[in-house]
Amino acid sequence: MKKILIAFATLLCASSLFSQIQKGKWLVGGRTNFSSTNQDFPSGEIKQTNFLVGPYLGYFVRDKFALTLNPGLEWQTYQFGTTPKQKYRETELGLGARYYFLEPDARYNIYAEAKYLFGAY
């Protein structure tokens, strides 16, 4: 129920915004993710935690078409049974492009996006 309320509130807030997708405008946003998993098996328990933060910045090189820069950081911990906990940190950097299909003055819009991310542990 909590997820439904959060989704509804997000949709309500987003419906009052207007897009600025003309040439020369900036696009700013981001993504975040958190997950935690515990699984029991006959051979032991698996514990895994992930946290991701990824801002992005884009620039409209022409109306309805933006090029984006997508950096990101991800932290992971993993433990199986009594083995020592393993910790990883991944950094990533990517380039992308986003195209909006409807006119810039439309209240809602649909877009397609393609990006290439390169990451290293």
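Guide: Happy to! Let's begin with strands: these are DSSP runs of E, at least two residues long, numbered from the N terminus. Keep in mind that this is a predicted model.

Visitor: Which strand gives the largest share of the nonpolar patch?

Guide: That is β2, with three residues. The patch covers about 880 Å² of surface, and its members include Trp 26, Leu 57, Tyr 59, Val 61 and Leu 67. Two or more residues come from each of β1 (26-41), β2 (44-62), β3 (65-80) and β4 (86-100).

Visitor: Why does Leu 67 count as partly exposed?

Guide: Partly exposed is the range between buried, under 20% relative accessible area, and exposed, over 50%. Leu 67, in strand β3, has 42% relative accessibility, so it counts as partly exposed. Pro 71 also lies in strand β3, and it counts as partly exposed because its relative accessibility is 31%.

Visitor: What is Pro 71 in contact with, leaving aside neighbours within four places in sequence?

Guide: Its partners are Gly 54, Pro 55, Glu 92 and Leu 93. As for Phe 118, 47 residues apart from Pro 71 along the chain, the two C-alpha atoms are separated by 9.3 Å.

Visitor: Is Glu 90 buried or exposed?

Guide: Glu 90, in strand β4, is buried, yet it has no salt bridge. A salt bridge needs a Lys or Arg side-chain nitrogen within 4 Å of a carboxyl oxygen, and the nearest side chain of opposite charge, Arg 31, is 8.4 Å away. Beyond its neighbours within four places in sequence, Glu 90 has contacts that include Gly 72, Gln 76 and Tyr 121.

Terms used. Residues numbered from 1 in each chain as written. Predicted model: local features only at pLDDT ≥ 70, side-chain atom pairs only at ≥ 80, totals over all residues. Heavy atoms only, no water. Patch = residues over 30% accessible without salt bridge, like charges linked within 9 Å, V, L, I, M, F, W, Y side chains within 5 Å. Areas by Shrake-Rupley, 256 points an atom, 1.4 Å probe, with all protein chains shown as cover. Helix = DSSP H or I, 4+ residues; strand = E, 2+ residues; numbered from the N terminus. Buried < 20%, exposed > 50% of the residue type's maximum accessible area, 1.4 Å probe, protein only. Contact = heavy atoms within 4.5 Å. Lys, Arg positive; Asp, Glu negative; His and termini not counted.
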